[in-house]
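The sequence and model are shown first.

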Amino acid sequence: MGDCEPSVPLMEEEEENLIAAAQNIVKALGSNRTLTDDARKILADLGSQLSSITRVSEPQDEGVDETEEQFIELEEEFNLVHSKVMNWEVGKSMIWDCGQEEAYEYLRYVDQARKLIERLESLNLVKGSKEDELLRKAHDLLQTAMNRLEEEFTHLLVQNRQPFEPEHMSFRSSEDDTLDDGSIVSFGDDSVEDSVVQRDSMSRSSEEFIIELVHPDVIPDLRCIANLMFDSNYGRECSQAFINVRKDGLDDCLFILEVEKLSIEDVLKMEWNSLNSKIRRWIRAMKIFVRVYLASEKWLSDQIFSELESVSSVCFAEASKASILQLLNFGEAIAIGPHQPEKLIRILDMYELLADLIPDIDAMYSDEAGLCVRTECQDILRSLGDCAKATFLEFENAVASSISANPFPGGGIHHLTRYVMNYMKTLIDYSKTLDELLKGHEKEDTVDMTPDREDDNTDRRCYVSPLAQHFRSFTSILECNLEDKSRLYKDESLGHLFLMNNIHYMAEKVKNSNLRTILGDGWIRKHNWKFQHHAMSYERATWSSILSLLRDEGLQNPGSNSISRTLLKERLYNFYLSFEEVYKSQTGWSIPDSQLREDLRISTSLKVIQAYRTFVGRHTNNISDKYIKYTADNLENFLLDLFEGSPRSLHGSHRK
């Protein structure tokens with residue numbers, strides 16, 4: 001071999017230097033952030049090829065032992081994975097934005113790094129050895145990859161979030177949504193209205209459906225990332241990323257549903273109109289949130305963490321716990337508030353809705369992670385039930401203590417009567433719930449002693465539900481209250497008219513509603529008799545003394561059987577005067593029910609007109625026409641003006 005010929009080792013050394021220089025160039029170019037993704041990929045592939053050339057050109061010393069060969073193989077694998085992983089750390093682009101092929105190649109290399117660590121850890125490495133140093137580098141590389149995957153996981157969740165639009169779920173909310181409520185604010189004579197708070201139609205329906213909170217196309221990608229991160233012992237980071245993103249989504253949902261963050265103190269300070277609106281909004285929001293949004297949130301969590309045992313439940317519970325507890329906190333505030341009767345319907349709505357939702361909530365928060373939510377739901381349900389029961393019992397006290405200082409104008413239907421009967425009618429919708437809540441608070445009279453038929457001489461003793469017992473108590477207390485109010489009238493006739501109107505209203509309300517199933521036909525018959533009795537008492541108190549003027553007793557001349565024309569004229573004059581006084585006052589009295597008003601007019605007319613016509617006809621020869629102020633037809637027409645609530649006068653009227 002001539003001196004000018006380079007030795008083989010020298011040639012190999014030059015080749016190695018050339019390859020090393022090329023690798024440095026590739027590395028330097030790779031650090032340029034202005035490179036396109038395609039150029040970066042080409043450089044990465046070139047780097048891999050150069051590494052392969054290096055491995056091929058390396059001399060295989062026969063003296064290298066098996067352990068050394070294994071280390072060289074692991075190091076070569078690490079270098080390849082390192083190149084692939086770190087290539088994505090140069091730029092700022094997201095891997096999944098570059099397509100699934102790039103993304104899944106990245107996942108394969110990261111998984112390769114994870115497996116490389118497992119193999120190194122299985123070698124029982126000596127601390128400080130080159131193998132131990134390689135393990136440290138592999139861990140660093142894996143951590144870098146995990147940080148990247150956490151970012152990618154978060155990016156996919158955020159960028160692919162689907163909008164939540166509850167409009168198609170019949171959700172409605174408005175600050176004015178209580179205007180058609182007929183809400184009651186107190187039992188005062190001037191403030192109790194004709195109707196009570198009506199239940200929300202949404203509170204009992206049980207629709208449930210899943211919506212896609214994240215675009216379905218990325219679910220497999222999210223699942224792959226999650227599985228790899230958990231396999232790499234980075235499950236906590238993956239879970240926290242999911243929880244953070246979904247917490248924001250849940251907060252947005254509550255915002256869309258117009259759920260405000262209110263403290264218990266805020267709720268307790270609210271006026272009833274505002275609070276009523278908030279409760280109605282809560283009922284709608286709670287149902288949509290649990291049945292739609294939470295159900296969809298649980299489904300999403302299950303899809304992403306489907307292969308990770310209890311991870312899904314923990315992530316779902318941690319992400320949603322604050323939001324559901326915020327809603328339940330409002331329920332707690334309502335439950336500890338004052339027991340005002342006007343709140344009862346809304347409290348029962350909340351109670352029934354929560355009772356209806358608890359099976360769904362228990363199913364979604366079934367394990368230890370959801371225990372606090374399940375417990376809180378049960379506690380709030382119990383508190384709402386106790387509040388409803390206490391408010392119901394307070395209603396009875398409120399009826400009994402409703403005192404009037406002045407008689408009710410016109411003797412019509414008192415506001416309290418309307419309130420109590422409409423209140424009871426509305427509560428029928430909650431009869432099953434109230435019967436459960438009122439167990440242990442039954443009245444002493446637990447059997448119905450009213451005969452099933454009027455001609456039945458044998459009392460049939462029947463079970464009476466707790467609600468029916470209390471309803472009977474309500475009506476009895478109401479009647480006692482009305483009796484007290486009737487005594488405020490100076491005119492006995494008006495007192496009877498007042499009781500007739502109110503008891504008739506009670507009987508009709510029961511007869512024409514589901515109250516009939518609670519109070520029974522016996523109750524209706526009894527109260528029909530009562531209002532008819534007051535109608536007859538009214539007629540006696542009003543007309544008995546007047547009709548006595550149309551009798552012949554006391555009209556005879558002293559010492560003979562002839563009629564005294566002077567006394568006759570005086571009788572007619574007093575009759576007309578009394579009739580005009582009745583007309584003047586009782587046209588201002590009120591019988592709101594048209595049929596009852598007509599019946600009483602007919603009954604009165606039959607008695608008065610018949611007596612007048614008979615009296616005038618019998619004495620037609622004893623009295624001049626000029627003393628007949630009104631004909632029978634005149635009087636009959638005048639009687640048709642009674643009970644209209646508009647006072648009139650007949651003074652100065654002339655015979656037609």
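A contact is taken here to mean heavy atoms within 4.5 Å. Among contacts in the chain with a separation of 6 or more, 81% are accounted for by residues 24 or more positions apart.

The model is a predicted one, in which local features need pLDDT of at least 70 and side-chain atom pairs count only at pLDDT 80 or more, whereas totals for chains, interfaces and linings use all residues. Residues are numbered from 1 along each chain as its sequence is written, and side-chain values use heavy atoms, with hydrogens and water left out.

**Overall make-up**

The chain holds 20 helices and 2 strands; these are DSSP runs numbered from the N terminus, with helices (H or I) of at least four residues and strands (E) of at least two. Of its 656 residues, 47% count as buried, that is, under 20% relative accessible area with a 1.4 Å probe and protein chains only, as against exposed (over 50%) and partly exposed (in between). The accessible surface, by the Shrake-Rupley method with a 1.4 Å probe, comes to about 33,000 Å², and 49% of that surface belongs to carbon and sulfur atoms.

**Helix pairs**

Axes are lines fitted to C-alpha atoms, for helices over the stretch in contact, and angles run from 0 to 180 degrees between N-to-C directions.

| Helix pair | Axis separation | Angle |
|---|---|---|
| α10 (residues 311-335) and α12 (residues 371-400) | within 9 Å | roughly 15° |
| α6 (residues 219-231) and α7 (residues 235-256) | 7 Å | about 145° |

Helices α10 and α12 are therefore roughly parallel to each other, a term for angles under 35 degrees, with over 145 being roughly antiparallel, 65 to 115 roughly perpendicular and the rest oblique. Residues of α10 including K321, I324, L325 and L328 meet residues of α12, among them V373, E376, I380 and L384. By class, this contact of α10 with α12 has 11 nonpolar, 2 polar and 3 charged residues. Ala, Val, Leu, Ile, Met, Phe, Trp, Tyr, Cys and Pro count as nonpolar, Asp, Glu, Lys and Arg as charged, and the others, Gly among them, as polar.

**Two buried residues**

P341 lies in the loop between α10 and α11 (344-364) and counts as buried because its relative accessibility is 9%. The C-alpha atoms of P341 and T391 are 5.8 Å apart, although 50 residues separate them along the chain.

K298, in helix α9 (residues 272-304), is likewise buried, at 14% relative accessibility. Leaving aside residues up to four places away in sequence, K298 touches S312, S313, F316 and M364.
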